[in-house]
Amino acid sequence: MATHLRIRAKAYIPGNQEHEKLLNRMGIHVEITHTGQTQLIHKAELAVSTAAANEGLVFMTEMIELNKEAEKNSSLDTMRFFAVLIDGEEGFDALAGPAQFGDDFYESPLIGEVEYAYPSHGCSPITNPKDVQGKIALLYRGECMFAKKVLNAEIAGAIGAIVIDNKKDSRLSAETNSLFSMAPDGESTVKIGSIFLGSREGFKLERLYEKYGSVSVLLSHTEVDLKNFYSLAKNPKQTHTNTSHNPDEL
């Protein structure tokens with residue numbers, strides 16, 4: 001007798017091909033919106049069996065509850081502020097999605113140099129810990145839960161993390177209501193702060209890194225006056241602190 005493997009909504013990872021195969025068996029179709037968001041559509045008639053269709057309904061119910069809980073947790077804390085500290089036209093800032101785990105940058109911003117972490121998905125122990133130690137690790141969405149990625153970066157010695165979206169041409173915007181919040185996994189205990197960055201801004205950051213070899217960024221709970229921070233970018237190793245600045249005073 002053929003068996004149908006069920007997946008719980010909590011365990012689902014967007015972009016995971018095995019997970020999406022299971023969803024298809026349950027009659028759930030995955031679509032990517034123009035803003036890069038994942039949308040799930042359940043059609044019972046497309047399921048491989050009645051039992052599978054019922055499991056699909058359970059999955060969708062669980063996902064709705066998870067989304068409600070995420071909205072409840074982040075209703076008053078829906079964005080972060082990101083900036084590349086280059087004084088001139090190449091410097092830029094952007095809205096970023098918050099993480100529902102680790103430091104929230106509320107007491108002070110985090111400033112530091114960025115460095116690629118490997119493997120880039122961050123789902124297994126970081127293989128270049130000497131490179132990311134004392135820096136803000138660059139990671140990419142996909143393959144595992146966000147909290148696991150950031151925890152692996154923390155174990156490798158990173159002081160923070162940026163998770164870049166793997167969906168092409170995505171951008172986080174308050175105007176289009178497309179801000180994204182990184183959910184915890186219920187297992188990882190993360191201390192360092194992290195943000196979620198759209199692929200458009202991620203691409204710009206990558207280009208600057210390739211050009212200069214060293215790029216300093218700012219991660220903050222609220223928008224700040226960048227002019228006060230350009231001088232800090234010249235000496236990023238002395239700028240990491242969680243006690244010296246109050247965002248309300250910037």
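Is Arg8 buried, partly exposed or exposed, and what is its relative accessible area? In this predicted model, Arg8 is partly exposed, at 46%.

**Close-up 1. Salt bridge between Arg8 and Glu62.** The two side chains meet with an N to O distance of 2.7 Å. Arg8 belongs to the segment before helix 1 (17–25), whereas Glu62 sits in helix 2 (residues 50–74), 54 residues apart. Glu62 is buried, with a relative accessible area of 17%.

**Close-up 2. Salt bridge between Lys211 and Glu90.** The N to O distance is 2.6 Å. Lys211 lies in helix 5 and Glu90 in the loop between strand 3 and strand 4, so the pair ties together parts that are 121 residues apart in sequence. Lys211 is exposed at 54% relative accessibility; Glu90, at 29%, is partly exposed.

**Close-up 3. Salt bridge between Glu115 and Lys135.** The closest N and O atoms are 3.9 Å apart. Glu115 is in strand 5, and Lys135 is in the loop between helix 3 (129–132) and strand 6, 20 residues apart. Glu115 is buried, with a relative accessible area of 12%.

**Close-up 4. The largest nonpolar core, of 24 residues.** Residues with the most contacts inside this core include Phe82, Val114, Ile162 and Leu219. Among the elements that give two or more residues to the core are strand 3 (80–84), strand 5 (110–116) and helix 5 (199–212). Beyond its neighbours within four places in sequence, Phe82 is in contact with residues including Phe92, Ile162, Ile195, Leu205 and Val217. Another core, of 22 residues, lies apart from this one and includes Ile126, Ala158, Val163 and Phe196.

Notes
Residues numbered from 1 in each chain as written. Predicted model: local features only at pLDDT ≥ 70, side-chain atom pairs only at ≥ 80, totals over all residues. Heavy atoms only, no water. Core = buried A, V, L, I, M, F, W, Y, C linked by side-chain atoms within 4.5 Å. Buried < 20%, exposed > 50% of the residue type's maximum accessible area, 1.4 Å probe, protein only. Helix = DSSP H or I, 4+ residues; strand = E, 2+ residues; numbered from the N terminus. Contact = heavy atoms within 4.5 Å. Salt bridge = Lys/Arg side-chain N within 4 Å of Asp/Glu carboxyl O.
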